[in-house]
Amino acid sequence: MSGKSLAGRKALVTGGARGIGAAIAQALARAGASIMIADILEEAGRASAAGIAKEDVATGFVQLDVTDDAQWERAVAKTVATLGGYNILINNAGIEITSLVSEIRAEDARRMCDVNIVGTVLGMKHAFRAMRPGGAAGKGGAVVNIASVAATIAFPSIAVYSGTKSAVDRMTKVAAMEAGKLGYGVRVNCIYPGLIPTDMGMQLANDIVKIGLAPDVNAAVGSVVEQTPLGKLAEVGDIADAAVFLCSNEARFITGIGLPVDGGMGM
């Protein structure tokens, strides 16, 4: 792809304050897109946007709880007003609460479902309304949902998280079918990242030790590496590059897929 393969595109990135979301936002900006960072973390979100703005890229920040329908509506409206359009959604915001099945708390299960499932579908809802003909942006676009390798493997201690990310995969396919059949001009795909040493990834490693599934963090990480044919953890840039591709013209005939970026772990 060319260095500016997304020139003129307008992107909203949820969970863009840090980790995978921030890396994707930066990669989209390098590819030529304007960026709206959306997150519940205001200070970190504004810092993420400010870092992108230093590269002479149009950007902004909007505080967004992805579980709130009205906040989604405001976030999309601000994106269109600030960036002058809207044709890329990166549905990245998500949470993981580690627990053995025998110990899961109902409130934790509901919280993961609310953020990871409801938050994702609300993002698609408002993207479709804005991007389809007659919408506030109305020129079609691309949605990339962030699922997880956890949707494709049986990894102990993350049953509910795995279930929510499997739901993201299923919702992606149904949404892609709807968007195509209804003539929205919107492609919908998802990515299955492998384990990445972000704050969330390392918290999982620490949690695995706490519940007795590994003697220490190095062993916890080592067990993941052993299951990965390429023999290492993923990096945020690996996921970001995949997202740029799925949003680009090079992926113009790709919709409804789940793209593993996991070093082969989920094969």
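Helices (H or I, at least four residues) and strands (E, at least two) are taken here as DSSP runs, numbered from the N terminus. The model is predicted, so local features are reported only at pLDDT of at least 70 and side-chain atom pairs only at pLDDT 80 or more, whereas totals for chains, interfaces and linings use all residues. Residues are numbered from 1 along each chain as its sequence is written, and side-chain values use heavy atoms, with hydrogens and water left out.

S157 sits in the loop between β5 (141–146) and α5, and although S157 is not a glycine, its phi is positive, at about 90°. With a relative accessibility of 6%, S157 counts as buried, a class that means under 20% relative accessible area, while exposed means over 50% and partly exposed lies in between (1.4 Å probe, protein chains only). D56 is another residue other than glycine with a positive phi, in this case near 60°. D56 belongs to the loop between α2 (42–53) and β3 (59–63), and at 73% relative accessibility D56 counts as exposed.

**Helix α1**

Helix α1 is made of 12 residues and spans 17 Å from its first C-alpha to its last, close to the 16 Å expected at 1.5 Å a residue; the expected span is 1.5 Å times one less than the number of residues in the helix. Most of α1 is covered, with 9 of its 12 residues buried, and the buried residues are I20, G21, A22, A23, I24, A25, A27, L28 and A29. Just after α1, G32 takes a positive phi of about 110°.

**The largest pocket**

The largest pocket holds about 950 Å³ of space. Grid points are joined across faces, edges and corners, and the volume is the space filled by probe spheres set on the points. The lining of the largest pocket comprises 42 residues, of which N92, G94, I95, E96 and M200 are the closest to its centre. Two or more lining residues come from each of α1 (19–30), β2 (34–39), α4, α5 and α6 (199–210), and α6 contributes the most, with 4 residues. Sorted by class, the lining has 24 nonpolar, 11 polar and 7 charged residues, where Ala, Val, Leu, Ile, Met, Phe, Trp, Tyr, Cys and Pro count as nonpolar, Asp, Glu, Lys and Arg as charged, and the others, Gly among them, as polar.

**Aromatic pair**

The search of the whole structure finds 1 aromatic pair. Its members are F128 and Y184, whose ring centres are 5.4 Å apart and whose planes stand at 70°, so the pair is edge-to-face. For this assignment, rings of Phe, Tyr and Trp (its six-membered ring) pair if their centres lie within 6.5 Å, with planes under 30 degrees apart counted as stacked, over 60 as edge-to-face and the rest as tilted. F128 lies in helix α4 (residues 106–131) and Y184 in the loop between α5 (159–181) and β6 (186–193), so the pair ties together parts that are 56 residues apart in sequence. F128 is buried, with a relative accessible area of 8%, and Y184 also counts as buried, at 15% relative accessibility.

C190 is in no disulfide, and the nearest cysteine sulfur, that of C247, is 13 Å away. C190 counts as buried at 0% relative accessibility, and C247 is buried with a relative accessible area of 1%.

**Separations along the chain and in space**

The table sets C-alpha distances beside separations in sequence.

| Pair | Separation in sequence | C-alpha distance |
|---|---|---|
| K10 and T82 | 72 residues | 9.7 Å |
| R252 and G141 | 111 residues | 9.9 Å |
| V160 and I24 | 136 residues | 25 Å |

K10 is placed in strand β1 (residues 10–14) and is buried, with a relative accessible area of 18%. R252 is found in the loop between α8 (236–247) and β7 (258–261), where R252 is exposed, with a relative accessible area of 63%. V160 belongs to helix α5 and counts as partly exposed at 22% relative accessibility.

Technical notes:
1 Å grid on protein atoms, 1.4 Å probe; cavity = no way out; pocket = protein on both sides within 12 Å on 5 of 7 lines; lining within 4 Å. Disulfide = S-S within 2.5 Å.
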